[in-house]
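Morning, everyone. I have one structure to go through today, in two parts. Please bring it up on your screens.

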Amino acid sequence: MKIENTFGIEAQCRELITYDSEEALRQALAYIRRQYEGLPVLHIGCGSNLLFLNDYNGIVLKSGIKGVHLTDETESEVRVEVGAGEVCDDFIAQAIGHGWYGLENLSLIPGQIGAAAVQNIGAYGVEACNVIEEVRGISLKDGIARTWKKDECKYGYRQSIFKEELWGKYAITRVTFRLSKHFKPNLQYGGLTKAVEQAGLTEDTLTAEQLRQIIIDIRKAKLPDPKEQGNAGSFFKNPIVSKEKAEQLLTQYPAMPNYPAEEGKVKLAAGWLIEQAGWKGRSLGPAAVHDRQALVLVNKGGATGKDIQRLCEAITKDVNERFGIELSPEVNFI
Ligand code: EPU
């Protein structure tokens, strides 16, 4: 069976099972044990962060768990439980419609809620972990449910316990968010204040719907639509380097974008490094670097996972030779 992925890479698996409840997932796991003993199991969301290098000789599971439930409410906040199979951007639109705020800056990021909690998706100064309260999952080994409080999820920049030590061990079934009933725009990310002004709006009167629309417009202008050209959003993570390393590069490249990161480190823009290395818009066979955002690799049509990997390796090598920085992919290679 064909595995759906936003890169548009042809990849087959032995069987693809979509489930719509925790009980259905347990039944699917029992069926897999009976029918396919010993074969690996891969859990996917919308396939928006995966690169298939080969067909997958195993079973693919996909969450169809839906539902948005308000479980608690105070004067200022709501607690909302969301099924892992809900489409992230649909939930964000719905939340804004209800007057629940905090997710506006993540508008239009592709993928499902479960993947958002695994990947700690982030954009324009906001990360999913800023509003996640807890995450619930089912063990793929024995079907037992477990809940992780936010602090136990070990969230970091595009990082979580589910991407590290628990990778491949649990299916996320539900994510609980704590959202605000008072809209306070987060415009700290460079460029957002300007975009608000350019739209003829001001920070004081800006509504959540307007901010969502501004974010959508920025993303549409920079990022290719996977329906038109296969891609997985940012292909690389932005590298986090020591202060000394950043200072050394800044003396040579004073215009290099840089942002403060955890523990006194500095985050650099992989897109800028890749562009400086001359890769923006360049192709290697059917794989290419997007011409409006060098952090995104695209499938020009008919690319295999290995074509994309070859381009990734060529870029990584060049950036390393030029800047002494090892880029690492944000996308998961399967
Ligand atoms: N830049 C270039 N050339 C490029 C791309 C970027 O010079 O081709 C420069 C920009 O001018 C800017 C800096 O690099 O000074 C940062 O660029 P941008 O604001 O576009 O953001 P990014 O660092 O490239 C990250 C996330 C995006 C997220 C944006 C906005 C990662 C890996 N990527 O990109 O996330 O939308 O910030 O917050 O952290 C994704 O994860 O799929 C994704 C799209």
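How many nonpolar, polar and charged residues does the lining of the largest cavity have, by class? Before I answer, note that this is a predicted model.

The cavity first. Rolling a probe the size of a water molecule over the atoms shows where empty space is left. Searching the whole structure with a cut-off of 30 Å³ or more turns up 1 cavity. The space in the largest cavity comes to about 40 Å³. Its lining consists of C88, F91, I92, L103, L106, I113, A116, I121, A128 and F177. To answer the opening question, that lining has 10 nonpolar residues, no polar ones and no charged ones.

Where does the lining come from? Helix α2 and α3, the latter covering 113-119, each supply at least two residues. The most comes from α2, which gives 3 residues.

Two packed helices are described by the angle between their axes and the distance between the axes. Here the pair is α2, residues 88-98, and α5, residues 208-222. Their axes come within 10 Å and cross at roughly 155°. Angles over 145 degrees count as roughly antiparallel, and α2 and α5 are therefore roughly antiparallel to each other. The crossing of α2 and α5 is left-handed.

On the α2 side, the contact is made by D89, I92, A93 and I96, and on the α5 side by A208, E209 and R212. By class, the residues of this contact are 4 nonpolar, no polar and 3 charged.

Notes
Residues are numbered from 1 along each chain as its sequence is written. This is a predicted model: local features need pLDDT of at least 70, side-chain atom pairs count only at pLDDT 80 or more; totals for chains, interfaces and linings use all residues. Side-chain values use heavy atoms; hydrogens and water are left out. Axes are lines fitted to C-alpha atoms, for helices over the stretch in contact, and angles run from 0 to 180 degrees between N-to-C directions. Helices (H or I, at least four residues) and strands (E, at least two) are DSSP runs, numbered from the N terminus. Angles under 35 degrees count as roughly parallel, over 145 as roughly antiparallel, 65 to 115 as roughly perpendicular and the rest as oblique. A crossing is left-handed if the near helix is turned anticlockwise from the far one by less than a right angle, and right-handed if clockwise. Contact means heavy atoms within 4.5 Å. Ala, Val, Leu, Ile, Met, Phe, Trp, Tyr, Cys and Pro count as nonpolar, Asp, Glu, Lys and Arg as charged, and the others, Gly among them, as polar. On a 1 Å grid over the protein atoms alone, a cavity is a set of points where a 1.4 Å probe fits but cannot get out, and a pocket is an open set with protein on both sides within 12 Å along at least five of seven lines; lining residues have an atom within 4 Å of a point. Grid points are joined across faces, edges and corners, and a volume is the space filled by probe spheres set on the points.
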